[in-house]
Amino acid sequence: AQAHLGESLSGLRARYPDIVFELESTNDGSRYTMAEQPLGTFVYYFDSETGLTEMCVQIPDNLQALNTQVEIYNKKYVILTESSWKAYLDGGVTMNISLIYNEEYETYIFYYTF
């Protein structure tokens, strides 16, 4: 799976017809949908004006999934630090990827933004 920034809800549904995407809202009204994928859960956040994904968060299933994702990013994208990458996508779009570790909850999360 990928972050699919700039994608509509219908676009996500077309890419992954076997996944049921439910549109949900946070307490502040932000709209999002989630997808369980082989390397973890992806949460896609939508821009309120355009209806397109503006940010994505991935929660790896386990350390093996985390390590696999890091290996893929180290090969595929420009390494900025040991926990951040820059992806140069089609159409001249760049995507920033950050890996954040929360010590209190012992969780790893990837953040994808433009």
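I take helices (H or I, at least four residues) and strands (E, at least two) as DSSP runs, numbered from the N terminus. Two strands count as paired if DSSP finds at least two bridges between them.

**Ground rules.** I am working with a predicted model, where local features need pLDDT of at least 70, side-chain atom pairs count only at pLDDT 80 or more, and totals for chains, interfaces and linings use all residues. Residues are numbered from 1 along each chain as its sequence is written, and side-chain values use heavy atoms, with hydrogens and water left out.

**Entry 1, the sheet.** I started with the overall order of strands. I found an open sheet of eight strands, ordered β1-β2-β3-β4-β8-β7-β6-β5, with antiparallel pairing. β1 (24-25) and β5 are the edge strands; each has a single partner, so one side of each has no neighbour in the sheet.

A hairpin of two residues links β5 to β6. β5 (residues 78-81) pairs with β6 (residues 84-88) in the antiparallel sense over three bridges. Looking across this pair, I saw isoleucine 79 opposite tryptophan 85 and threonine 81 opposite serine 84.

Which residue of β7 stands opposite serine 84? I found serine 98 there. β6 and β7 (residues 94-102) run antiparallel and are joined by five bridges. Their hairpin has five residues between the strands, and glycine 91 in the turn shows a positive phi of about 80 degrees.

I then turned to α2 (residues 63-76), which lies across β3, β4, β5, β6, β7 and β8 (107-113). Its angle to β8 is about 35 degrees. For such angles, axes are lines fitted to C-alpha atoms, for helices over the stretch in contact, and the angles run from 0 to 180 degrees between N-to-C directions; contact means heavy atoms within 4.5 Å.

How many salt bridges does a search of the whole structure find? It finds one, counting a side-chain nitrogen of Lys or Arg within 4 Å of a carboxyl oxygen of Asp or Glu. The partners are glutamate 7 and arginine 15, at 2.7 Å, N to O. I also checked their accessibility (buried is under 20% relative accessible area, exposed over 50%, partly exposed in between; 1.4 Å probe, protein chains only). Glutamate 7 is buried at 16%, while arginine 15 is partly exposed at 48%.

Last, I looked up serine 48, in the loop between β3 (40-46) and β4 (53-60). Serine 48 is exposed, with 68% relative accessibility. Its C-alpha atom is separated by 34 Å from that of leucine 63, 15 residues apart along the chain.
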